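Dear colleague,

Please find below the structure that I am handing over to you, followed by an account of what was found in it. I would be grateful if you could read the notes alongside the sequence and the coordinates.

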Amino acid sequence: MSASTPQAVAARRSGVPILRRHLADGARALLGWGLAVVAVLALYLPVYPSLQTPELAGIVETLPEELVTVMGYDQIASGAGYAQAAFFGLLGFALGAIAATAWGARFIAGMEESGRLELTLAHAVGRSQYAAESAAALVARVCVLGLVTVVMLAALSPVAELGLAIGNVLAVTAAWAGLVLLSGMAALAVGAFTGRSVWALGAGAGVALLGYALNAVATMAADLDWMRRLSPYHWAFGNSPLSNGWDWGGLALLWGLSALLAAVACVALSRRDIGR
C-alpha cells in the first residue's frame, strides 16, 4: 500500500481544504484591503458636516446636470446621499471591484499559470470541488470587507452626523457586496474557462466598467433609460438602499447571477484540460 502524501492527508482531515487554503494564504492581502476601506471611510465621511454650506451648493449648481446625477452630488445634502456618493457609488465600488476581480482571477487562472492548480488537483481534490470552494472563498472575502464597512459606518455615522439607519446600512452593504462579487465571479468563471489571468481580469473589470457606464449613459437622455435595467450598478444602487432600505429585486439579480457564474466555473473547470 502506498503512503499517503501530506497534501492528501490534509485534504482528508478538512472537509473544505481549498476554502481554508485560500483564506489562509490571502489573510494578509485581505487585511490590506480592509484597511483601505477603513482609510477611505475615515477620510471622507467625517468631513460631511463641513460641506453643508451655501458655497458648496452653489458649486454643485454650476456643474452639468448629467455629471451631478452620475456622481450622486444631487443627493449630498443628506447623510445617506453623501455616504452613497463618497463611498459606495465610486471609491468603495472601485476598491471592492478591484479586490474581488483580482481574487477571482487568481483562484483558478492564476493558480493554473503558476502550476499549483495541477499539483492540488493531483491530491484528492476534484475539479468541481476546487471551483466551488474557490467561489466560497471569494464570497467569504467580500463578506469580510462588507463587515468592515458596516462597522465603520455604524461607528462614524454619529460622529459625522450622517444619521444613517443600521437597517439601511446593512441593505446598501449587501447591495455593494453583491455588485463587487459579480465582478469577482466573472473573473473566476472566465479563469475556469481559459486558464489565463489576463482574460479573467479583463472579464471582471469589464463587468464593473460596463455596469457603471450603462448607468452613466442612461442619465444622458430619457430614451436611454432602458440601459439602467441592464446595469448591475443600477441593480445595486438604483433604489437608493442607504436611504430607502432593502431592494430585494436588485439583490436577487446580483447574488443570483453570481451564483450562476460560480456554477459555470465548476462546470468549465471540470470539462477542459489543465496546464499550459
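**Surface patch, salt bridge and helix packing**

On the surface, Leu-43, Tyr-44, Leu-90 and Leu-91 make up a nonpolar patch whose accessible area is about 330 Å² together. Please note that the model is a predicted one.

A search of the whole structure for salt bridges returns one. Asp-25 is paired there with Arg-116, and 3.4 Å separates the closest N and O atoms. The two partners belong to distant parts of the chain, 91 residues apart: Asp-25 lies in helix α2 (residues 17-25), and Arg-116 lies in helix α9 (residues 116-121). Asp-25 counts as partly exposed because its relative accessibility is 48%. Arg-116 is likewise partly exposed, with a relative accessible area of 31%.

As regards helix packing, the axes of helix α11 (residues 166-194) and helix α15 (residues 248-270) come within 8 Å of each other and cross at roughly 20 degrees. Helix α11 is therefore roughly parallel to α15, as angles under 35 degrees are counted in that class. The crossing in which α11 passes α15 is left-handed.

Yours sincerely

Technical notes. Residues are numbered from 1 along each chain as its sequence is written. This is a predicted model: local features need pLDDT of at least 70, side-chain atom pairs count only at pLDDT 80 or more; totals for chains, interfaces and linings use all residues. Side-chain values use heavy atoms; hydrogens and water are left out. Patches are made of residues with over 30% relative accessible area and no salt bridge: like charges are joined within 9 Å, nonpolar side chains (Val, Leu, Ile, Met, Phe, Trp, Tyr) within 5 Å. Accessible areas come from the Shrake-Rupley method with a 1.4 Å probe; for residues, only the protein chains shown count as cover. A salt bridge is a side-chain nitrogen of Lys or Arg within 4 Å of a carboxyl oxygen of Asp or Glu. Helices (H or I, at least four residues) and strands (E, at least two) are DSSP runs, numbered from the N terminus. Buried means under 20% relative accessible area, exposed over 50%, partly exposed in between (1.4 Å probe, protein chains only). Axes are lines fitted to C-alpha atoms, for helices over the stretch in contact, and angles run from 0 to 180 degrees between N-to-C directions. Angles under 35 degrees count as roughly parallel, over 145 as roughly antiparallel, 65 to 115 as roughly perpendicular and the rest as oblique. A crossing is left-handed if the near helix is turned anticlockwise from the far one by less than a right angle, and right-handed if clockwise.
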